[in-house]
Amino acid sequence: MLTLTRRDALALLLAAPAAVRSLPAQSADSIALFDGTSLRGWRARGDAAAFRTNGGQLCAQGSNSRLFYAGPSGDADFKNFELNAEISLQPGAESALCFHTADRSSAAPAPGFEVLLANDARGPNGFIQRRKTGSLQGVRHVWKQFIANNEWFTLNILVRQKQVQIRLNGMLVVDYIEPADAFSANPDFECRIGHGTIAIEALSPQSVALFRNLRVHRLPDSIPQLSDENPQVDEVYRDIIRLGSANIPVVDYHAHLKGGLTLEQALNNSRRVGIGYGIAINCGLSFPVHSDASILAYLQSMKGQPCYVAMQAEGREWQTLVSPEAVARFDYVFTDAMTFTDDHGKRMRIWIPEEIGVITDSQAFMEMYVKRIESVMREPIDIYANATYLPDQIVAHYDELWTPQRMRRVIDATLHHNVAIEINNRRRIPSRTFIQMAKAAGCTFSFGTNNAEAELGRLEYPIQMTKECGLVWEEIFVPKPDGQKPIQIRKKHASLA
Ligand SMILES: [Zn+2]
C-alpha cells in the first residue's frame with residue numbers, strides 16, 4: 001500500500017510547504033496501519049480482548065491496554081511523519097492515540113506522547129474530564145469540545161523535528177514546539193519528541209472508541225520544522241501545564257480582538273502559550289453587535305474557529321435588544337456591573353472618571369454599587385466579569401471599601417444565580433480575600449484578561465490566585481451545554497411565570 005490517495009497527497013502538500021514538494025520520491029512513503037479486517041501488524045499489551053475489528057473498524061474497549069503498531073517486520077519506527085485517522089467516540093469514551101512510543105514492559109511512564117480522545121468522558125469519584133479530544137496530554141490541552149459523540153472525525157498529527165501539530169477535521173488545535181528545556185506533566189508518558197511507533201489506548205470497558213483508515217506518511221529526516229521559534233520555559237509556562245494537567249481549564253474567557261489584535265494572531269498566541277481563548281464581542285446599545293441579525297452575522301464570521309465565542313453583554317438594556325435564541329448560540333455570556341444608572345438617574349460607566357465625577361461619599365457609592373451588582377446578577381449570564389472593580393477615584397481604598405458584609409452580598413448574589421466570578425488578569429481583581437471567601441461559600445471562578453490592547457498576557461494573576469487559594473478543577477467555570485445555559489433556563493422560568 002504505497003500509493004498516495006488524492007486526499008493524502010493534498011494533506012501532505014498543505015502541511016508541508018517547499019521542502020516536501022521538492023522531495024516527492026521520499027515523501028511518497030504512505031503506510032496503511034490497519035488492513036480493515038485484522039490486527040495483523042499490531043501487538044497488544046494488557047488485555048488483548050480490548051481490541052477487535054469489525055466491519056472495517058478497529059474498536060478499542062477494555063481496561064488499561066495498549067495496541068502497538070509493529071508493522072510487517074515488527075520494528076515500525078517513525079520520526080517525522082503525518083498521521084491521519086478517522087475516529088468515532090461513543091458517549092463517555094476516553095481513549096488515546098500515542099506516537100513516538102514503544103512497547104516497553106517496564107512500568108510507566110512510556111516513551112512518547114498521547115493525543116487524547118475524549119468528548120464528554122467521566123471517571124470514578126465524580127471526575128469529569130475537562131481536557132478534550134486533540135489534547136497533547138501533559139503539554140498542550142484542548143478545553144473546548146469540538147467533536148460530537150458518534151460522529152466520524154479526522155485526526156491529523158504532524159511531527160516535524162521538534163514541532164507537533166494536531167488537527168481535528170482540518171482545524172489546527174495544537175501547535176507545540178518542544179523547548180530545549182522541555183517541561184511536561186503527564187504521569188503516563190515521557191512527553192519527549194524522539195521516534196517510535198504508533199499505539200492505540202483502551203482505558204475502560206465502558207469506553208468505546210472506533211478507528212478506521214489509519215495512515216502514516218513518513219517524512220524525511222531532514223524535513224525542516226514549520227517554525228524556528230524557540231519557546232522560553234519559565235514558571236508561568238510550567239504553571240499553565242501543571243494546572244492543565246490537574247484538569248483545570250486554563251482558558252482566558254475574556255479576550256477581545258482589540259488594539260489591532262486579529263483572530264489569527266490571537267489563535268497563534270493561544271497555541272504558543274498553551275492557553276485556550278474565549279473571544280468575546282461586546283453586545284449592546286450603540287455597539288456594532290446589538291441585534292439578532294448582527295449576532296448571527298458575527299457568529300457566522302467565527303464559525304469553525306478553534307476557540308470559544310462569547311458575548312459580553314453591555315448596559316442593562318441588552319435583553320431588550322436581542323432574543324434569547326440568538327444569545328444562546330454563543331458559548332457563554334458575561335457582563336460586568338460597570339455600566340448602570342445611579343440613584344439620581346444618571347447613567348454612568350464607572351471606568352470613565354468624567355462620567356462619575358467626584359465621589360464625595362465613598363460609603364454611599366459602595367452601598368449603591370453593591371445593590372447594582374446584586375441586580376446585575378439577576379440577568380441570565382454565565383460570568384460576572386471585572387468582579388469588584390472600583391473606579392479610579394476610590395480604588396486605593398479597595399480593601400477598606402470592600403468590607404466583609406459587602407463581599408458577602410456580592411458572593412451570595414453570584415451563588416444564588418449560579419454565576420461564575422471572573423478572576424481578572426489586567427486589573428488583578430478580585431482580591432485574594434474576596435476569592436477565599438467566595439471559595440469557602442462554594443462559588444465557581446473563570447479566568448479573564450479583558451484586554452484593551454493587542455497583548456493578552458498569560459493569566460498570571462488568575463494562575464497565582466488558583467495556586468494561593470488552592471482552587472481545584474470543580475471550582476473552575478466551563479460553559480454549559482446547549483439547553484442548560486442561563487439564557488435558556490431563565491427563559492424557561494419566565495415562560496412558566
Ligand atoms: Zn470586556
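**Helix contact**

I first looked up which residues touch: M407, I411 and L415 in α12 meet F434, M437, A438 and A441 in α13. I sorted the residues of this contact of α12 with α13 by type and got seven nonpolar, no polar and no charged. I note here that the model is predicted.

Next I looked up the geometry. Two packed helices are described by the angle between their axes and the distance between the axes. Helix α12 covers residues 404-416 and helix α13 covers residues 432-441; their axes come within 10 Å and cross at roughly 45 degrees. An angle of that size makes α12 oblique to α13. I also checked the hand of the crossing, and α12 passes α13 in a right-handed one.

**Strand β21**

I then turned to strand β21, residues 420-424. Is it buried or exposed? Five of its five residues are buried, so β21 is largely enclosed by the rest of the structure. I looked at where the side chains go: A420, E422 and N424 point one way from β21, and I421 and I423 point the other way. Residues pointing either way are all buried, E422 and N424 among them.

**Its partners**

Which strands are joined to β21? Strand β20, residues 383-384, is joined to β21 by two bridges, and the two run parallel. I traced a bridge here from Y384 to its partner in β21, I421. Strand β22, residues 445-448, is joined to β21 by four bridges, and this pair also runs parallel. In that pairing I found E422 opposite S446 of β22.

How values were computed
Residues are numbered from 1 along each chain as its sequence is written. This is a predicted model: local features need pLDDT of at least 70, side-chain atom pairs count only at pLDDT 80 or more; totals for chains, interfaces and linings use all residues. Axes are lines fitted to C-alpha atoms, for helices over the stretch in contact, and angles run from 0 to 180 degrees between N-to-C directions. Angles under 35 degrees count as roughly parallel, over 145 as roughly antiparallel, 65 to 115 as roughly perpendicular and the rest as oblique. A crossing is left-handed if the near helix is turned anticlockwise from the far one by less than a right angle, and right-handed if clockwise. Two residues are in contact if their C-beta atoms, placed from the backbone, lie within 7 Å. Ala, Val, Leu, Ile, Met, Phe, Trp, Tyr, Cys and Pro count as nonpolar, Asp, Glu, Lys and Arg as charged, and the others, Gly among them, as polar. A residue is buried if 20 or more other C-beta atoms lie within 10 Å of its own, exposed if 12 or fewer, and partly exposed in between; C-beta atoms are placed from the backbone. Two strands pair if DSSP finds at least two bridges between them.
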